[in-house]
Amino acid sequence: MAEFVMPQLGADMSAGKLLQWRKKVGDLVQRGDIVADVETDKADIEVEVFCTGTIEKILIEPGEKVPVGTVMALIREEGKPAVAEVPARPQDITAALPAPTAPVPTPRLRGTPVAPSGALEVARIHISPVAKKLAADLGIDPVSLSGTGPGGRITLEDVQRAAQSRAATPAAPAELDRATRMRQAIGAAMARSKREIPHYYLSTTIDMTQAIAWLARENLKRSVEDRLVYGVLLLKAVALALREYPELNGLFVAGKAMPKPEIHVGVAISLRGGGLVAPAVHNTDRQDLGQLMRNFRDLVQRARAGSLRSSELSDSTITVTSLGDQGVEAVFGVIYPPQVALVGFGKIGERPWASQGQISVRSVLTATLSGDHRVSDGHRGGLFIAAVDRLLQEPSQL
Amino acid sequence: MTREEIRDGIFRALTQVAPEADVSRIKPNLRLRDQLDIDSMDLLNFVIGVHKQFKIDIPEADYPQLATLDGFIDYIAKAQSH
């Protein structure tokens, strides 16, 4: 029996409200089907299922707000027997959630895996017996804790700190509007990032002259609907560079770096009315530029229309943010936990550029890398960002 | 097609891209991007919307002519007269 749980759609989500079921008991579902709509502090999300089977039981009703990881339905997988037992619900959300600084790993409660890899991947919890008991006594879910002991083991002190932090954090008033809740969620995730991730920052100036000229030629051949924006070149260059420096493509979970084999670049998209989301462009490195542009465009439109899918919010293995359109020279971003790197791009502008003893006017932009020192260092980060530069010098090969 | 009709068509395309935009406040001789919070993806979607609405092809090289509302109207009026 597979459990369909309230997914964790980013480091800034601790609970979600079920808006509606799109399936009912007895319905057949296939992996990838959208089965529910969930409201988070940032957006309404279409939640997909990650197994194929029949809806056996529905455990949560529309309107209920439940913590991440709560089993919302049971799915009898194809060829597997039905199970009578209904899993216990975790604490009611109103009984005080952990502070919204809770780390990302972990959401599944138990049973058959139903979530994809990425932020939702469950790591085995290393916790000392005494810490485990205290956590149980205090109603703290150990999966929401970051262990500071050897090998990421959760210690008694970790649980005590979490309890203090929870006590010190006032519960958010229920009637806050979404913009405020989004701001709080982003703030909590970024505060956690700055608190836990030892950031380092690198920047380099990239000559984009050839890339821009190539783009202009390429767009002449394309219909208006198929034209590329330069951001797509940046995305693809980052994705290909990650193949060479895979340690930057992954997560840091339970005290361990977890590079990911798939490259799902998350793209920071500003929302109308404020706030942002960073959904994933799945398999960014494997798409040609036309395909990438179509998917990127679709993603931006859906992000702004509020119709993202759960996998898009949980699967990112790195984030790219560009503030060039806002005239920003350089972006030194905050890593989105549990990711381990963030790439920033500023605006493209003309500058005098010296090369081989000659000065000419070139179109340049500043690229930056925010890296996690627990996973990489400036040397590897520098090589990575140099690879992005190199790839952008041959745009036709992207 | 009158300039007013062209302007209304441009506004329709614009509000598809930026629904929050108050088009009545747009100053026709100032750059649209300075008056609206739109990025390069919005701009592309805006051009696609105009292309569909007026059935004209807009080469990328002509984008600078579309910087202001007046410029946009002039461009479409000229394209339709050909």
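Gln356(A) is found in the loop between strand E19 (349-355) and strand E20 (358-372) of chain A. Helices (H or I, at least four residues) and strands (E, at least two) are DSSP runs, numbered from the N terminus. This is a predicted model, in which local features need pLDDT of at least 70, side-chain atom pairs count only at pLDDT 80 or more, and totals for chains, interfaces and linings use all residues. Residues are numbered from 1 along each chain as its sequence is written, while chains are lettered from A and ligands numbered from 1 in the order in which they are written.

- Most residues other than glycine have a negative phi, and most peptide bonds are trans.
- Gln356(A) has a positive phi, near 50°, and is not a glycine.
- Gln356(A) counts as exposed because it has 5 C-beta neighbours inside 10 Å. A residue is buried if 20 or more other C-beta atoms lie within 10 Å of its own, exposed if 12 or fewer, and partly exposed in between; C-beta atoms are placed from the backbone.
- Asn283(A), also a residue other than glycine, has a positive phi near 50°. Asn283(A) sits in the loop between strand E15 (280-281) and helix H6 (289-305) of chain A. With 16 C-beta neighbours inside 10 Å, Asn283(A) is classed as partly exposed.
- The peptide bond from Pro337(A) to Pro338(A) is cis, and its omega is near 5°. Pro338(A) belongs to the loop between E17 and E18 of chain A.
- Gly327(A) is in the loop between E17 and E18 of chain A. Gly327(A) has 9 other C-beta atoms within 10 Å, so it is exposed.
- Gly327(A) and Lys236(A) are 91 residues apart along the chain, and 22 Å separates their C-alpha atoms.

- Strand E17 (residues 318-322) of chain A has 5 of its 5 residues buried, so the rest of the structure largely encloses it.
- Ile318(A), Val320(A) and Ser322(A) point one way from E17(A); Thr319(A) and Thr321(A) point the other way. All of these residues are buried.
- Strand E12 (residues 265-267) of chain A runs parallel to E17(A), joined by 3 bridges. Two strands pair if DSSP finds at least two bridges between them.
- Opposite Val265(A) stands Ile318(A) in E17(A).
- Strand E18 (residues 341-345) of chain A also runs parallel to E17(A), with 4 bridges. Leu342(A) in E18(A) is the bridge partner of Thr319(A).

- Strand E5 (residues 44-48) of chain A is mostly covered, with 4 of its 5 residues buried.
- Strand E4 (residues 34-39) of chain A and E5(A) are antiparallel and joined by 5 bridges. They form a hairpin with 4 residues between them.
- Glu39(A) has Asp44(A) in E5(A) as its bridge partner.
- E5(A) pairs in the parallel sense with strand E16 (residues 308-309) of chain A, over 2 bridges. Arg309(A) in E16(A) is the bridge partner of Glu46(A).

**Four-stranded open sheet**

- In chain A, 4 strands form an open sheet in the order E1-E8-E6-E3, with antiparallel pairing.
- Strand E1 (2-5) and strand E3 (28-29) of chain A stand at the edges; each has a single partner strand, so one side of each lacks a neighbour in the sheet.
- E3(A) and strand E6 (residues 53-58) of chain A pair in the antiparallel sense over 2 bridges. Val29(A) has Gly53(A) in E6(A) as its bridge partner.

**Helix packing: H5 and H8**

- Helix H5 (residues 230-244) and helix H8 (residues 378-392) of chain A pack at an angle of about 130°, with axes 8 Å apart. Axes are lines fitted to C-alpha atoms, for helices over the stretch in contact, and angles run from 0 to 180 degrees between N-to-C directions.
- H5(A) and H8(A) are therefore oblique to each other. Angles under 35 degrees count as roughly parallel, over 145 as roughly antiparallel, 65 to 115 as roughly perpendicular and the rest as oblique.
- Residues of H5(A) in the contact include Leu233(A), Ala237(A) and Leu240(A), which meet residues of H8(A) including Phe384(A), Val388(A) and Leu391(A). Contact means that C-beta atoms, placed from the backbone, lie within 7 Å.
- The contact of H5(A) with H8(A) has 10 nonpolar, no polar and 1 charged residues. Ala, Val, Leu, Ile, Met, Phe, Trp, Tyr, Cys and Pro count as nonpolar, Asp, Glu, Lys and Arg as charged, and the others, Gly among them, as polar.

**Chain contact**

- Chain A and chain B each give 12 residues to their contact.
- On the side of chain B that touches chain A, 6 residues are nonpolar, 2 polar and 4 charged.

Conventions. Contact = placed C-beta atoms within 7 Å.
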